[in-house]
Amino acid sequence: MNWVDEICTTLGAAGLNVAGIASGHGLDHILPGCRSVVVLASGGTALWEAMCADLSAHPAHLTDEDHPLDAFVARAIAAADPNPPPSRRWVRCAAQPEAFVDFRPLAHGAGMGWTSRLGLLLNPEFGPWLGLRAACFTTEVLPVSGPVVGKNPCDACPGHCATACPGAAFVEGRLSIQKCAAFHVRSDACHGRCHARLACPVGSTHRHGPLQHHYHNARADGRRRLAAALKITKDSRHGVGPHWAQWASADESKA
Ligand code: B12
Ligand code: SF4
Ligand code: SF4
């Protein structure tokens, strides 16, 4: 087994169950001489379940961490690739990443999905329930796995996402993140819940459960709920983000 297969297999067991390879062209600012990028994602609930099992066994992995999911991914990568040579570099899609990488175009280049009306990368198996988690940049030339094959499901869909959105956040059929964020500022109808994402029929059997969905969309409250579900009573940290207000234009917030 080569190092890519070995790493992907090990990380797959930790919940990073979707992998692809993108071209490293234009990414020398992340790794000088970069030629390829191995992109790792979590489809559905596998990573969440793996993390919850770990937090139950080691409550300090929640109580000592501002971002327990990011920390879980960091430990998984360190275990899978303990001594990466200088020819490769890991960057997580985390709140405090090693470097900023725009993950959606990268994962698109790795064939992990289509662009969608929801603004999210739509995976053939997991639909919009794909979290992009990490990328390993390498100077090795690896076979690129993109683009994704098949027709974009959005082309034949009447737009269940847009119809379900109570915030009128779709402009010409496509999500405006500014309008979505503005709706979060003036209403709590989407507190911990994106009705549009939940309405997408693609990969719907892989939808996040209510706790995971809430956690990703309203982390402060979601973190309290997570600690309670795991019966961890001594958590004094606050979940952070998503910072909706930062993305809302003032005009739209008053709409
Ligand atoms: C900042 C941020 C936000 C901001 C707003 C971001 C924005 N501009 O849309 C806020 C806090 C509001 C937000 C909310 C959410 N986010 Co967010 N967010 C990010 C983050 C950290 C950076 C995005 C960014 O600013 N990119 C750079 C700017 C310049 O890009 P941009 O102008 O928006 O878009 C350019 C290109 O990216 C391209 N493009 C734009 N959209 C898309 C979509 C696809 C599929 C492709 C190929 C290209 C493309 O066109 C633009 C011009 O070049 C990424 C993680 C990352 N590091 O990439 C996650 C990320 C995009 N978010 C994600 C998610 C899931 C969400 C939420 C659902 C909440 C949540 N946390 O679960 C919501 C709703 C998002 C939605 N429906 O679009 C996922 C998306 C996964 C996927 N399958 O696509 C990411 C990748 C994080 C992750 N760990 O997986 N997010
Ligand atoms: S509901 Fe339909 S239009 Fe919206 S993202 Fe899903 S497939 Fe695309
Ligand atoms: S969070 Fe609410 S306003 Fe934003 S896209 Fe989802 S349903 Fe629409």
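The following questions and answers concern a predicted model.

Local features of this predicted model need pLDDT of at least 70, side-chain atom pairs count only at pLDDT 80 or more, and totals for chains, interfaces and linings use all residues. Residues are numbered from 1 along each chain as its sequence is written, while chains are lettered from A and ligands numbered from 1 in the order in which they are written.

Visitor: How many helices and strands are in the protein?
Guide: Helices (H or I, at least four residues) and strands (E, at least two) are taken as DSSP runs and numbered from the N terminus. By that rule, the protein has 12 helices and six strands.

Visitor: Which radius of gyration does the protein have, and what would a compact globule have?
Guide: The radius is taken over C-alpha atoms, and the globule rule is 2.2 Å times the number of residues to the power 0.38. Because the protein has 255 residues, a compact globule would have a radius of gyration near 18 Å, and this agrees with the protein's 19 Å.

Visitor: How many residues of strand E4 are buried?
Guide: A residue is buried if 20 or more other C-beta atoms, placed from the backbone, lie within 10 Å of its own, exposed if 12 or fewer, and partly exposed in between. In the protein, buried residues make up 40% of the 255 residues. Strand E4, residues 130-138, is mostly covered, and the number of its buried residues is nine of nine.

Visitor: Which residue in E4 stands opposite Gly-43?
Guide: Two strands pair if DSSP finds at least two bridges between them. E4 pairs with strand E2 (residues 36-43) in the antiparallel sense over eight bridges, and five bridges join E4 to strand E3 (residues 88-92), again antiparallel. Val-91 stands opposite Ala-135 in E4, whereas the residue opposite Gly-43 is Leu-130.

Visitor: Which helix gives the most to the shell around ligand 1?
Guide: A residue is near a molecule if its C-beta atom, placed from the backbone, lies within 6 Å of it, and 26 residues surround ligand 1, with Phe-103, His-108, Gly-119, His-216 and Pro-242 the closest. Among the elements that each supply at least two residues of this shell are E4, helix H7 (177-186) and helix H5 (103-109). The most, four residues, comes from H5.

Visitor: Which residues come nearest to ligand 2?
Guide: The shell around ligand 2 divides into nine nonpolar residues (Ala, Val, Leu, Ile, Met, Phe, Trp, Tyr, Cys and Pro), one charged (Asp, Glu, Lys and Arg) and three polar (the others, Gly among them). Of the 13 residues around ligand 2, the nearest are Cys-154, Cys-157, His-160, Cys-161 and Cys-200.
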